[in-house]
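Please read the following points with the model open beside them.

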Amino acid sequence: MSIAGVVSVASALTAVVAVALSLRQTRLMSRQSLVPVVLEAFREARSPEWFEARDFIVERLVAEISPAQGVTRQPPQARAALRKVGFLFDNFGLLVAHRVVPEELVIGFFGGYLDHLWKIMEPYIRKEAELTGQGYMVFFEDLVARSRSHSIENVRETLGLRSIDTDL
């Protein structure tokens with residue numbers, strides 16, 4: 001191969017590497033721009049209003065409210081609680097599905113609450129989808145399906161989380 005050929009091949013390889021690095025940098029920058037959004041979502045999951053909504057769902061929803069009206073046709077307190085909790089998980093599910101955040105991060109943070117709350121809320125969500133004729137909180141459902149394929153213990157082990165020995 002001539003010197004000109006070697007230079008051409010080297011130039012082409014340099015261009016390919018530059019494009020690959022540029023694409024990687026662009027992906028990293030776009031993820032960094034979403035960090036405030038992700039942090040705000042986690043902050044929301046710790047708000048007193050979110051805990052009130054979660055407690056209403058866990059402690060009172062099934063006993064007081066029939067799922068026959070779905071979500072949007074419920075009395076204000078039930079509707080607000082279902083939306084507050086459901087849309088938070090739906091938003092996290094969207095971020096996981098689009099690989100903005102790793103699913104282990106969300107599953108590790110919420111643990112068994114995902115599945116527990118889904119089981120309570122599922123009849124209301126399914127009925128809403130039936131009434132509207134379209135999917136409803138589909139990213140929440142996907143997140144729950146993902147969480148069922150990973151035990152919280154496995155996620156914590158993968159993350160290298162440690163516990164304090166209480167048998168001292």
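1. In this predicted model, what is the handedness of the crossing in which helix 3 passes helix 6? The crossing is left-handed. The contact is formed on one side by Gly86, Phe89, Asp90, Phe92, Gly93, Leu94, Val96 and Ala97 of helix 3, and on the other by Val138, Phe139, Phe140, Asp142, Leu143 and Arg146 of helix 6.

2. The axes of helix 3 and helix 6 lie 7 Å apart, and the two helices pack at an angle of about 70 degrees. Angles of 65 to 115 degrees count as roughly perpendicular, and helix 3 and helix 6 are therefore described in that way.

3. Helix 6 spans residues 138–148, and its buried residues are Phe140, Leu143, Val144 and Ser147. Viewed down the helix axis, these residues fall within an arc of 100 degrees, so they line one face of helix 6. The partners against which the buried residues of helix 6 pack are helix 3 (76–97), helix 4 (103–110) and helix 5 (113–132).

4. Helix 5 also contains glutamate 128. Is this glutamate 128 buried or exposed? Buried means under 20% relative accessible area; glutamate 128 has 2% relative accessibility and therefore counts as buried.

5. The side chain of glutamate 128 makes a polar contact of 2.9 Å with the side chain of threonine 72. When neighbours within four places in sequence are left aside, the residues in contact with glutamate 128 are Gln69, Gly70, Val71, Thr72, Arg73 and Tyr136.

Conventions
Residues numbered from 1 in each chain as written. Predicted model: local features only at pLDDT ≥ 70, side-chain atom pairs only at ≥ 80, totals over all residues. Heavy atoms only, no water. Buried < 20%, exposed > 50% of the residue type's maximum accessible area, 1.4 Å probe, protein only. Helix = DSSP H or I, 4+ residues; strand = E, 2+ residues; numbered from the N terminus. Arc of directions from axis to C-beta. Contact = heavy atoms within 4.5 Å. Polar contact = N/O pair within 3.5 Å; in protein donor to acceptor, adjacent residues only side chain to side chain. Axes fitted to C-alpha atoms, helices over the stretch in contact; angles between N-to-C directions. Parallel < 35°, antiparallel > 145°, perpendicular 65-115°, else oblique. Left-handed = near helix turned anticlockwise from the far one by under 90°.
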